Amino acid sequence: SITDSERRLLLQSARQHQAQLLEFRSAKRKAEEERASAQAQMQSAQEILPVLQSQHRSLSILSEKQLGSLDDLREIQKQLIDAKYTLQQATSAVEVTSLQLDELAAKQDIYLEQLKSGYVTKRTENAHRIAGISDRITQLSIERKKHSLYAPDEGIVQELAYQSKGPYLQA
């Protein structure tokens, strides 16, 4: 059985590991939300871009024929540039958050592997300690048998003199 202090240490260690895993999950959830937002922006820009390009072509043709306003054409050009920029930013954000998610997954795997190897090491150390303690118990029980004192069937023991363990023979 384990002592109360050992139990407290185990519980504290378990809480620390749970907190670390929660931190990984929280960071992963945040990165996934950021990636989903960036993907939504990217999809929106991808959908708007063809419409703006079509409007730009139409207004260019009208402007060449002097049937359309140059201000309208410039406004569409500005919107087209903004949409392309938004698409580039969203694409970059998706790539960055995907890399962050991969990095988080790798960090979590490393942490779990270290945790697992730590437990294996501790278990091995404890097995060695138990084996050592078992050997020591065996040795002490043999020593105890060597130092046992048996009273004679009749008579009185007057004096005992301990000199040395001496050789021990088992009959």
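**View 1. His17 of helix H1 in this predicted model.** His17 is part of helix H1, which covers residues 4-64. The model is a prediction. The relative accessible area of His17 is 18%. His17 therefore falls under the 20% limit and is buried. A polar contact of 2.6 Å links the side chain of His17 to the side chain of Tyr111. Besides Tyr111, His17 touches Leu115 and Tyr119, leaving aside residues up to four places away in sequence. Tyr111 and Leu115 are both listed among the buried residues of H2.

**View 2. Thr97 of helix H2.** Thr97 belongs to helix H2. Its relative accessible area is 4%, so Thr97 is buried. The side chain of Thr97 reaches back to the backbone oxygen of Ala93, at 2.9 Å. Not counting residues up to four places away in sequence, Thr97 touches Ala31, Glu34 and Arg35.

View 3. The protein chain has two helices and zero strands. H2 runs over residues 70-146. H2 has 77 residues and reaches 113 Å from its first C-alpha to its last. The expected value is 114 Å at 1.5 Å a residue, and the span of H2 is close to this. Of the 171 residues in the protein chain, 14% are buried. The accessible surface of the protein chain is about 14,400 Å². Carbon and sulfur atoms hold 53% of that surface. Among contacts in the protein chain with a separation of 6 or more, 73% join residues 24 or more positions apart.

**View 4. The buried residues of H2.** The buried residues of H2 include Leu73, Ile76, Leu80, Ala83, Leu87 and Ala90. Val94, Thr97, Leu101 and Leu104 are also among them. H1 is part of what covers these buried residues. An α-helix has 3.6 residues a turn, so residues three or four places apart point the same way.

**View 5. The largest nonpolar core.** Nine residues form the largest nonpolar core. H2 gives the most, with five residues. Ala83 touches Ala45, Leu49 and Leu52, not counting residues up to four places away in sequence. In soluble globular proteins, nonpolar side chains tend to be buried together.

**View 6. Three salt bridges.** The structure holds three salt bridges. Side chains of opposite charge can pair when their charged atoms come close.

- Arg7 pairs with Asp4, with the closest N and O atoms 3.2 Å apart. Both residues lie in helix H1, three residues apart, about one turn of the helix. Arg7 has 39% relative accessibility and counts as partly exposed.
- Asp71 and Arg74 form a salt bridge through their side chains, at 3.9 Å from N to O. The two are three residues apart in helix H2, so about one helical turn separates Asp71 and Arg74. Asp71 has 55% relative accessibility and counts as exposed.
- Glu103 pairs with Lys107, and the closest N and O atoms are 3.4 Å apart. Both lie in helix H2, four residues apart, about one turn of the helix. Glu103 is partly exposed at 44% relative accessibility. Lys107 is also partly exposed, at 44%.

View 7. Gln66 sits in the loop between H1 and H2. Phi of Gln66 is near 60°, a positive value in a residue other than glycine. Gln66 has a relative accessible area of 71% and is therefore exposed. At the start of H2, a side-chain oxygen of Ser69 comes to within 3.1 Å of the backbone nitrogen of Asp71. Asp71 also takes part in the salt bridge with Arg74.

Methods:
Residues numbered from 1 in each chain as written. Predicted model: local features only at pLDDT ≥ 70, side-chain atom pairs only at ≥ 80, totals over all residues. Heavy atoms only, no water. Buried < 20%, exposed > 50% of the residue type's maximum accessible area, 1.4 Å probe, protein only. Polar contact = N/O pair within 3.5 Å; in protein donor to acceptor, adjacent residues only side chain to side chain. Contact = heavy atoms within 4.5 Å. Salt bridge = Lys/Arg side-chain N within 4 Å of Asp/Glu carboxyl O. Expected span 1.5 Å × (residues − 1). Core = buried A, V, L, I, M, F, W, Y, C linked by side-chain atoms within 4.5 Å. Areas by Shrake-Rupley, 256 points an atom, 1.4 Å probe, with all protein chains shown as cover.
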